[in-house]
Amino acid sequence: MTEYQYTGMSPEEQNKQMSEGYWKLWNPDVQARIDRDIEAHRKADGFFKPAGVPAGADVKVEQIKSEFIFGAHIFNFDQLGSDERNRRYKELYGTLFNSATIAFYWKQFELEEGKPRFHAEYRDSAAFWNQCSDPKHQPHWRRPATDPVVKFCLDKGIRLHGHTLVWGNNTWQIPDWLIAKIPLDCLKDAHLERSENGRLPGDATFPVFGSLTAEEFADRYPEYVAEINARMAKRILEIAVRYGQVVDSWDVVNESATDFGKGNMVPGSRLCRSWYGPMPGDYTCRGFKIAESVFPAKTKLNINDYIMSDVYLNQVRDLRARGCKIDIMGAQMHLFNPQTCLDIADGVSDVESPARVREKFTRLEKAGLPIHLSEITITAPNNDERGQAIQAVIARNLYRLWFSLKPMMGITWWNVVDDCGAPGEPSVSGLFSRDMEPKPAYFALNDLINHQWKTRTCVKAGKDGSVEFRGFRGTYRLTWLDESGAERSAEVVLH
């Protein structure tokens, strides 16, 4: 791993960029509670008896893997415009990040009907992107072919997370060729017109129902309704056949709580009158049922949403009561607006304050599931020296708080590199500049993940060769000298 040299503000100097009002919220009592909760929830006592440890031997205890998930999406794989940038980007996975979220957005994954982009073509190569003058205007920007990314993660021992199998969003998920199958008379009634290339307006939602109920729409357009139900099932099956044994977890359904809250999820229905547009009937429940039937039992099935209210909690409870296998509850946190981060720093906003964070996750933990903070964005206002310091302080304190919460099982940073987000997302929310130079927030997280939250110690073996220590949960390498003076080692897992 590249050892970056940090020459910017010290953490103490960074802290001075935050107002007195900010530190009133993040006061010493709050920090002390975070420390206590980290000790209680993220550490455990270990007792091991590796073969061949002499009585009283000095045993080096070194944590080599964390049980907690520290992830990021890997959407810019080989896309950063130079071999050196790509090398630095790839180095982050397996060092700072132990989990990678892989893009399976249907729209770009299957640009052409019946041709999922498993295999890499020339357009997926570093050579293509290195000479590409307008990467953001390529249809597969931030959407690399999946086989090379999966292989890269497997080779490095990185946990794989797929995002996302089912989502109603027409801008980012539903393929143009499937949207084109919406009946013409339906579009006419809704006053929608296709462009010359056959596409509908590029909005996330299509108000195509008019006055029709879901059942009336299904009766009027039965072939189309059968098509979208079959296509969703086929997509999940194809992906499960290829990656079921290797991808550890999936966001099975993304951002569907709004439909649940509006009463659009009707058990047994053929069609959901989704706020996005036409979707398969009861699509969240149906998606989980299909996924459970085709993925191995070991695969973790996640639901994911940005809504953190009782609506989401009640949706998860309802789905589980109906027999859906939901293993992990995903949550999102996006500070997209640079002004929000400035207001937080200046003490005029309590957004993502300790009290509000605890309130949010106290609500979600009532579902009784582990929580994956699956997408986070923290912006560096103006991306100047103060703005980058603000980003680092907010990131450091939020990561500490999130890490301390008992139900939390992982945190995934979203856009790792500046100017590599989706349209509408801030261009200055990366841990690295567009040239892959580290920002202060990178050093803040690296210090937590690879130093403060990794246990390294040395202990004396007991009279029976036993090794006892307290440390962060994860995988350890124990090293000692046997009776002949030869170095021996063993790996153990502390749960």
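1. Contacts of T284. In this predicted model, T284 touches V253, S256, M265, I303, Q315 and L319, when residues up to four places away in sequence are not counted. T284 itself is placed in helix α13, which covers residues 283–294.

2. Burial of T284. Is T284 buried or exposed? Its relative accessibility is 1%, and because buried means under 20%, T284 counts as buried. Across the protein, buried residues make up 57% of the 495 residues.

3. The loop holding S433. S433 is found in the loop that runs between strand β12 (408–413) and helix α18 (440–452). With neighbours within four places in sequence left aside, the contacts of S433 are V417, D418 and K439. For one of these residues, D418, the C-alpha to C-alpha distance from S433 is 5.0 Å, at a separation of 15 residues in sequence.

4. How do strand β15 and strand β16 pair? The pairing of β15 (residues 474–481) with β16 (residues 487–494) is antiparallel and extends over eight bridges. Within this pairing, W480 has R488 in β16 as its bridge partner. The two strands form a hairpin with five residues between them, and in the turn G485 has a positive phi of about 90 degrees. When inspecting the two strands, the reader may recall that side chains in a regular strand alternate between the two faces of the sheet.

5. Secondary structure and contact range. The protein has 18 helices and 16 strands. Of the contacts between residues at least 6 apart in sequence, 75% join residues at least 24 apart.

6. Overall dimensions. The C-alpha trace spans about 80 × 50 × 50 Å along the principal axes of the protein. What radius of gyration does the protein have, and what would a compact globule have? For 495 residues a compact globule would be near 23 Å, and the value for the protein, 24 Å, agrees with this.

7. Surface and charge. The accessible surface of the protein comes to about 20,800 Å², and carbon and sulfur atoms account for 50% of that area. Side chains counted as charged comprise 62 positive and 67 negative ones, and 3 Å separates the centres of the two sets.

Technical notes: Residues numbered from 1 in each chain as written. Predicted model: local features only at pLDDT ≥ 70, side-chain atom pairs only at ≥ 80, totals over all residues. Heavy atoms only, no water. Pairing = 2+ DSSP bridges. Helix = DSSP H or I, 4+ residues; strand = E, 2+ residues; numbered from the N terminus. Rg over C-alpha atoms; globule rule 2.2 N^0.38 Å. Buried < 20%, exposed > 50% of the residue type's maximum accessible area, 1.4 Å probe, protein only. Contact = heavy atoms within 4.5 Å. Areas by Shrake-Rupley, 256 points an atom, 1.4 Å probe, with all protein chains shown as cover. Lys, Arg positive; Asp, Glu negative; His and termini not counted. Charge placed at Lys NZ, Arg CZ, Asp CG, Glu CD.
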